[in-house]
Structure formats: structure tokens, C-alpha cells
Amino acid sequence: MMVIMTNEHSEEEMNAILRRLDEIGLKGHPIVGVERTVIAVVGSIYPELSDELETMDGVESTVRISTPYKLASRQTKPESTVVKVGGVEIGSGKTVMIAGPCAVESEEQILATARAVKEAGGHLMRGGAFKPRTSPYSFRGLGEEGLKLLALAREETGLAFATEVMSVREVEVVAKYADILQIGARNAQNFMLLEEVGRTGKPVLLKRGLASTIDDWLLASEYILNTGNPNVILCERGIRTFETATRNTLDINAIPLVKQLSHLPLIADPSHGTGKWSLVKPVGLASIVAGADGLIVEVHPSPDHALSDGAQSLNFQRFRELMEQMRVIGETVGRPLLPAATEPVRT
Ligand code: PEP
Ligand code: MN
């Protein structure tokens, strides 16, 4: 951190700051210039320090040099993190596809979808059993029954799965079945929940909050990493903007920027990012070009009958088309699609 002194500061004010830094275990190095005097602060700086120093006499402002998030930062760990889920590596430089319905609705629906995802070359499944719905009267998921159906689909196809955990109360049951614990956009800053999923040690898929800045999002990941769990996968799923023509605005800027700022793997969710199935392919491909390590997309056997998010769900044919184009685009940008698991689908 740099402390920028006012032009009129006195020697005594400067010494008071150096003493204060010393008291809290930090080291201040004054740099006296012709026009300006600044103090370079070295040590483990906490977020409130700027406010504390800015209230002191003689201080004009403070500037942070390092990021507020430590464990998630590439400054701390320059090499990219690879998260392993079953035999699938996320963040390895190969493009990974996670696909499945918004919500698990029935055995038939999840098995048919899992087979279609597998046959098209998908690597992991998704499906909600505990669903965050805007209205309490909408379909809110099958709960533990949905988790059992996902486990059945995994047994049949060999595809591991991600599913959302909405509250601290459900962490134990979701962790019993799931391979990846998903934190939804609405819970992206539920700090107690972030710590609780962190403590399971399982991979965590952390969606960006509806109105989270990139700093908010990376600080949320810090709660999970700080429990000693390094297996965090970030997910850009669009943010709320003034635009109403689409459900959310997928922040394409965030993809290369977060890859620069953090070593964590990052995937994009063009289904929630757009809200329209016809935009999923172009925005998904753009996300791969922008540097995403993979996609998570909603796929349903019959989107017009889906109990949630049908409008943004791909049918099987459209999912196959997306996979074919991802294969081409992935090769072109040097992040080819991860080879599909070789064992045949058991039917
Ligand atoms: C979902 O993945 O189905 C979901 C609810 O996503 P989000 O939390 O990003 O809205
Ligand atoms: Mn959904």
C-alpha cells in the first residue's frame, strides 16, 4: 500500500503515521520526492487499513498495490490451478463441458439427458435438486430424491455431477452424493455457506453473484480457499444490468480479466448469462475464445416441457451442434475439447 501525504503535511504527522504502522506490525518506508511524499507500507495489510490511515492528519489518500484477495490471486500463485473431478481436469488447458437440466425432474428425464450429454462428448453433468426460485410457488426441486437420481445417472454413464447447495443445513446431504458443490448466484455472498462447503474439501463451483463486482466474487472465493480447500471453480453466469432484452448480461470482459487476476479455473454459463437458447451457442463459443476453461449449459429432452428454465435450455440436437462447434473453436484457440471418457454408455 502507498500512503500519499498532503503537500502541507508536517514532519510530526509523518512520524505519527510511521509510529502507527510500527504499532500494528507493518513497516513504513518514506519516499520523499520533489513534489510529493509517499510512504510505502509493507506487511500483511488488512482491508480496513486504508480507512484508518485516511483519517490521520497529513494523509491525502492511500492506494492499494496488491489485491485484497490473497489466496485466489495470481500474484500469490502464478501457475494455474487444475481442479480434478473424478477423471476430469478443469483448468488444464483443455476445454471442459458440463451439461444437464436446470432441475432434475424425473428418472426418465435425467437418464435420457445424461446419456445424450455423454454421447455428444460432454464431461460432467449438472442438475438442480434444491432449486432457488424467485417465486415460492414455482417448482423447487426434488430434494434428496433428485440427488439419488443424479447418482443413478452417474452410475450409468460414469459422468460425475455438479448440483447446487442452497443452505448450510443441506451441505451434508448434498456432499454425500455430489462431486461438485455448486454455490448459486443468489448465495454468492452467503459467507457462512461458503465456509461450510469449503470445509467438505469437495470441489466447489462458485457462481458470480447477480450484482457482484469481480472483487466481490474473488473475495467470496477467498472464504472457500481460506478453509484449506483449494478446489474452487469460478463461474461467470451474467450480471444484472439495465438491459432487459436478455435475462442477464454475460460479462465477457470478466473472463480474460479474472484469468489474469486469479489462478483459479473459470467456466462460463451462457444459459443463465443470456436466458435464451438461441444465444447459448454464440455466447458460449465467445466465452471459450475469451479464455474460459469450459462451459456449463442447460440441456433438456424437451425444453418446452421443462419445469424450470426451458427457454434457455438446449434440446439434444442443439447440444450436439454446440459440442461440434466447440471442438472446432477449441482447436482454433489452442484449448481443444478434453477427450471424452472412453467407456461406452451402459443402457
Ligand atoms: C442454475 O445453475 O440452475 C442456477 C440457478 O444458476 P444461478 O445461480 O447462476 O442463477
Ligand atoms: Mn437454471
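Select Leu206 first: not counting residues up to four places away in sequence, Leu206 touches Ile183, Ala188, Leu194, Trp217, Ala220, Ser221, Ile224, Val232, Ile233, Leu234 and Cys235. Contact here means heavy atoms within 4.5 Å. The model is predicted, so local features need pLDDT of at least 70 and side-chain atom pairs count only at pLDDT 80 or more, while totals for chains, interfaces and linings use all residues. Residues are numbered from 1 along each chain as its sequence is written, chains are lettered from A and ligands numbered from 1 in the order in which they are written, and side-chain values use heavy atoms, with hydrogens and water left out.

**The nonpolar cores**

The largest nonpolar core has 64 residues, of which Leu206, Leu234, Val297, Phe319 and Met326 touch the most other members. Helix H7 (residues 214-225) supplies the largest share of this core, six residues. Apart from this core lies another, of 16 residues, including Val88, Val96, Ile98 and Leu338. A nonpolar core is a set of buried Ala, Val, Leu, Ile, Met, Phe, Trp, Tyr and Cys residues joined through side-chain atoms within 4.5 Å. Buried means under 20% relative accessible area, exposed over 50%, and partly exposed in between (1.4 Å probe, protein chains only).

**The whole chain**

Of the 347 residues of the chain, 52% count as buried. The chain contains 11 helices and 14 strands; helices (H or I, at least four residues) and strands (E, at least two) are DSSP runs, numbered from the N terminus. Along the principal axes, the C-alpha atoms fill a box of roughly 80 × 45 × 40 Å. Among contacts with a separation of 6 or more, 68% are between residues 24 or more positions apart.

**Helices H7 and H8**

Axes are lines fitted to C-alpha atoms, for helices over the stretch in contact, and angles run from 0 to 180 degrees between N-to-C directions. H7 passes H8 in a right-handed crossing. A crossing is left-handed if the near helix is turned anticlockwise from the far one by less than a right angle, and right-handed if clockwise.

Within H8, select Lys259. This lysine is buried, with a relative accessible area of 16%. Lys259 touches Arg74, Leu264, Pro265, Leu266, Gly291 and Asp293, not counting residues up to four places away in sequence.

**Leu71**

Next, select Leu71 in the loop between strand S4 (59-63) and strand S5 (83-85). Leu71 is partly exposed, at 36% relative accessible area. Leaving out residues up to four places away in sequence, Leu71 touches Glu222, Leu225, Asn226 and His263. For Leu71 and Thr6, 65 residues apart along the chain, the C-alpha atoms are separated by 34 Å.

**Helices H10 and H11**

Now show helix H10 (residues 277-290) and H11, whose axes come within 10 Å and cross at roughly 20 degrees. H10 and H11 are therefore roughly parallel to each other, and their crossing is right-handed. Trp277, Val280, Lys281, Leu285, Ile288 and Val289 in H10 meet Arg318, Glu321, Leu322, Gln325, Met326 and Ile329 in H11.

Continue to Val333, in the segment after H11. Val333 counts as partly exposed, at 31% relative accessibility. Val333 touches Ile288 and Val289, not counting residues up to four places away in sequence. The C-alpha atoms of Val333 and Val289 are separated by 6.4 Å, although the two residues are 44 residues apart along the chain.

Select Asp309 in the loop between strand S14 (294-298) and helix H11 (316-332). Its phi is near 55 degrees, a positive value in a residue other than glycine. Most residues other than glycine have a negative phi.

Finish at Glu156 in helix H4 (residues 144-157). Glu156 is buried, with a relative accessible area of 16%. Its side chain makes a polar contact with the side chain of Arg115 (2.6 Å). A polar contact is a pair of N or O atoms within 3.5 Å; within protein, one must be able to donate a hydrogen and the other to accept it, and residues adjacent in sequence count only if both atoms are side-chain atoms.

Notes: Angles under 35 degrees count as roughly parallel, over 145 as roughly antiparallel, 65 to 115 as roughly perpendicular and the rest as oblique.
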